[in-house]
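Okay, thanks for having me. Let me put the structure up, and then we'll walk through the sheet and the charged pairs.

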Amino acid sequence: MKIPDKASRQPKLSTLSALGSSTFAFLRAETALRIETADGYVKAYQGENSSPATAFRAADGAVMRAVAAMLRDQEIVEDLTQ
């Protein structure tokens, strides 16, 4: 998703936490993202993912899942499409 630089409504997105761990066979990542809309709606979203391959795959999957949860929130969708 790309929001144009000159868009009239810019949400503020920040990372609350990014954690990683490993077991014998998997690398695991957990990410928490926070968004604040132009109207003042604030919410945090969690994402977690595991990968047997690399820490990068675990981490990007965790971010992807948090963003997907964010984009299923009707308040966020309405703010982004106004």
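So, over how many bridges do S1 and strand S2 pair in the antiparallel sense? S1 and strand S2, which is residues 27-36, pair over 10 bridges. Strands and helices here are DSSP runs, numbered from the N terminus: E with at least two residues for strands, H or I with at least four for helices. Two strands pair if DSSP finds at least two bridges between them.

Quick housekeeping: this is a predicted model, with local features needing pLDDT of at least 70, side-chain atom pairs counting only at pLDDT 80 or more, and totals for chains, interfaces and linings using all residues. Residues are numbered from 1 along each chain as its sequence is written, and side-chain values use heavy atoms, with hydrogens and water left out.

Back to the sheet. It's an open one, three strands in the order S1-S2-S3, with antiparallel pairing. Strand S1 (12-22) and S3 sit at the edges with a single partner strand each, so one side of each has no neighbour in the sheet. From one strand to the next, the twist averages 15 degrees. Across S1, S2 and S3 lies H1, running at about 145 degrees to S3. For those angles, axes are lines fitted to C-alpha atoms, for helices over the stretch in contact (heavy atoms within 4.5 Å), and angles run from 0 to 180 degrees between N-to-C directions.

Now the charges. Searching the whole structure turns up four salt bridges, meaning a side-chain nitrogen of Lys or Arg within 4 Å of a carboxyl oxygen of Asp or Glu.

The one I'd point you to is Asp73 with Lys43, at 3.8 Å, N to O. That pair links distant parts of the chain, 30 residues apart: Asp73 is in the loop between helix H1 (55-71) and helix H2 (74-80), and Lys43 is in strand S3 (residues 42-51). Is Asp73 buried or exposed? Asp73 is buried, at 11% relative accessible area, while Lys43 is partly exposed at 36%. The cut-offs are under 20% for buried, over 50% for exposed, and partly exposed in between, with a 1.4 Å probe and protein chains only.

Then there's Arg28 with Glu30, closest N and O atoms 3.3 Å apart. Arg28 is partly exposed at 30%, and Glu30 is partly exposed at 30% too. Arg28, Glu30 and Glu48 are linked in a salt-bridge network.

Last one: Glu36 and Arg34, 3.8 Å between the closest N and O atoms.
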